[in-house]
Amino acid sequence: MELTFKSYRDKVLGCWAGKNIGGVLGAPFECMRQVNDVEFYTQDLSMGPPPNDDLDLQIIWLAAVEKYGRNVNASILGEYWLAYVIPNWAEYGTSKANLRAGLRPPLSGVVNNPYKDSCGCFIRSEIWACLAPGHPDIAVRYAYEDAVVDHEGEGMYGEIFFAALQSAAFIISDCRTLINIGLSYIPDDSMMSRAIRKAVDCYDRQVEIKEARKQIHNTAPGTFGIQGQRLKDIKTEGNEGMELGAPGFDAPENVAFVIAGWLYGNGDFGESLIIANSMGEDTDCTCATLGATLGIILGDERLPERWKAPLNDKIATMCIDKTSAGIWVPDTASELTDRVIRVMPAFLGLKYCDILKGEQMEIICGKEEDLYAPDVPEYLPELNSQCKDGDINIKELISLSPYVVKYEFPAFRMLLDYEGSIFFKKGENKKIKVKVFNAFYLNQQQWIEIKAYVPAGVEMLSSKCVQLPLNNLSGSAAETEFELNADGYEGGKLEISISVSLIGRHSNGTVTAVLMRGNQ
């Protein structure tokens, strides 16, 4: 399949225009558990649209891509998160606190974060879809790096789902096909998958919309719509039979509300947004994400002028720190579109598009069957690695424990496994596992040395230094485990330097494992 430059630009502009429209429509009803009976904007838009936090966070990510290109990763995004994101609410503030404590992603998204399964990252999927149109496998890899800055588990699955779906939407228009492509990238047994499938099931059984809202909610009960309500006031008219969920467990039901709005609206732009908004909860997120998805499918030229005209292409931001240098904030969806288009060819690579062709450029995309997530494993372990992609399989990446931190170096990749906890306690030993993979593109066998350096008062119960073979066969890795006892250590924060070097080469890398003293 091929995507022309003209069509690509129209769809990117449709994405941001649709995102803006949906966010403005749903904003007044955010955090309300009620059936919203509105058919158009309810705000006074004579002075322009209100700020849309669902859109502006992605401007920060775009700034990172403009500087680092395809090398952008969770660590870089974490630095931009600390520097430019203003809000401190829920998962946003928790991740910032974790980052400041020295906890890299994905630790920043999981430690002490009851809102790790909430909606703050699935609203950021569009930037990766627009940068990797027709290549969901690429969009998903960057959506993962994005999501783990401040989320984990179900929250992360929401962004993975939409990044895949929206990337595929640049070349596929069929709703059911796109939903299935998105589902192929997340675990079948996840609550996210169950909620999405419930939305599809309700539509197929022709369940009335208000009843479908309750069934979807009870499949994965969230609490976003009751954040401002006292417990005694929750059971209001229209909410009978809706179960009370755990605080912060919000992404699955709200993602499913997006799908329900899309299905019940039969793909009609305005009707779909109105239905999604009627379901309540995180309405600015659900409507904005649905608006962006339909905007990609339809393109800006086919978006209803009735919805576009009141906003006049303008966007407003609220979450970006504009007092610090580094972030250029566009004033319109058109400006944002042009910036995305400038960096897309280098981000996607010459394999798929030739920047020198300018407006004659065509983006090379896979066939429909290539848009689904690849199986695990793709190759028999220990096969000769030549002609094989050495990157970690997408499904394996998504299923990594949130206590596993990835590091990339020119000649090797490293996984640092905290084995389920960042805490050390008196009277208990702590283990840390290190796993090193050869760089597949170098295709050379190596030997490596792995060393651990600990401060005074920490006793290493395992060897501090090992030398291991690092083969270049498919899936092979060098692995060791360090065990320590910190009973003699007096500090509350323990930093362990772990050095990895290739014997006979100049390549090396040092990372810091950060442990916190837990309650005894």
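Among contacts in the protein chain between residues at least 6 apart in sequence, what percentage join residues at least 24 apart? The figure is 72%, where a contact means heavy atoms within 4.5 Å.

**Before you click**

This is a predicted model, in which local features need pLDDT of at least 70 and side-chain atom pairs count only at pLDDT 80 or more, while totals for chains, interfaces and linings use all residues. Residues are numbered from 1 along each chain as its sequence is written, and side-chain values use heavy atoms, with hydrogens and water left out.

**Stop 1: the whole chain**

Show the cartoon: the protein chain has 17 helices and 12 strands. Both are DSSP runs numbered from the N terminus, with helices being H or I of at least four residues and strands E of at least two. Along the principal axes, the C-alpha atoms fill a box of roughly 70 × 60 × 50 Å. The radius of gyration is 24 Å, which agrees with the value near 24 Å for a compact globule of 520 residues. That radius is taken over C-alpha atoms, and the globule rule is 2.2 Å times the number of residues to the power 0.38.

Now colour by accessibility. Buried residues make up 58% of the 520 residues. Here buried means under 20% relative accessible area, exposed over 50%, and partly exposed in between, using a 1.4 Å probe and protein chains only.

**Stop 2**

Select residues 269-278, which form helix H13. How many of its 10 residues are buried? Nine of them are, so H13 is mostly covered. Among the buried ones are Phe269, Leu273, Ile274, Ile275 and Asn277.

**Stop 3: H12 against H14**

Select H12 (residues 251-264) and H14 (residues 283-298), which pack at an angle of about 45° with their axes 9 Å apart. Axes are lines fitted to C-alpha atoms, for helices over the stretch in contact, and angles run from 0 to 180 degrees between N-to-C directions. H12 and H14 are therefore oblique to each other; angles under 35 degrees count as roughly parallel, over 145 as roughly antiparallel, 65 to 115 as roughly perpendicular and the rest as oblique.

H12 passes H14 in a right-handed crossing. The term means that the near helix is turned clockwise from the far one by less than a right angle, anticlockwise being left-handed. Show side chains for the contact: H12 brings Asn254, Phe257, Val258, Gly261 and Trp262, and H14 brings Thr286, Thr289, Leu290, Thr293, Leu294 and Ile297. By class, the contact holds six nonpolar, five polar and no charged residues. In this scheme Ala, Val, Leu, Ile, Met, Phe, Trp, Tyr, Cys and Pro are nonpolar, Asp, Glu, Lys and Arg are charged, and the others, Gly among them, are polar.

**Stop 4: H8 against H9**

Move to H8 (residues 154-168) and H9 (residues 175-183), which pack at an angle of about 140° with their axes 7 Å apart. That makes H8 oblique to H9. H8 passes H9 in a right-handed crossing. From H8, pick Phe161, Ala164, Leu165 and Ala168; they meet Leu178, Ile179, Ile181, Gly182 and Leu183 in H9. This contact divides into eight nonpolar, one polar and no charged residues.

**Stop 5: Thr337**

Zoom to Thr337 in helix H16 (residues 333-348). Is Thr337 buried or exposed? Thr337 counts as buried, at 0% relative accessibility. Leaving aside neighbours within four places in sequence, Thr337 is in contact with Arg9, Val12, Leu13 and Trp16.

**Stop 6: backbone details in the loops**

Most residues other than glycine have a negative phi, and most peptide bonds are trans. Check these places against that rule:

- The peptide bond from Pro105 to Pro106 is cis, with omega near 10°; Pro106 sits in the loop between H4 (90-100) and H5 (107-110).
- Gln206 is not a glycine, yet has a positive phi of about 60°. Gln206 lies in the loop between H10 (191-204) and H11 (209-219) and is exposed, with a relative accessible area of 72%.
- Asn312 has a positive phi near 55° and lies in the loop between H15 (305-308) and H16. At 52% relative accessibility, Asn312 counts as exposed.

**Last stop: Ala325**

Stay in the loop between H15 and H16 and select Ala325. Ala325 is exposed, with a relative accessible area of 69%.
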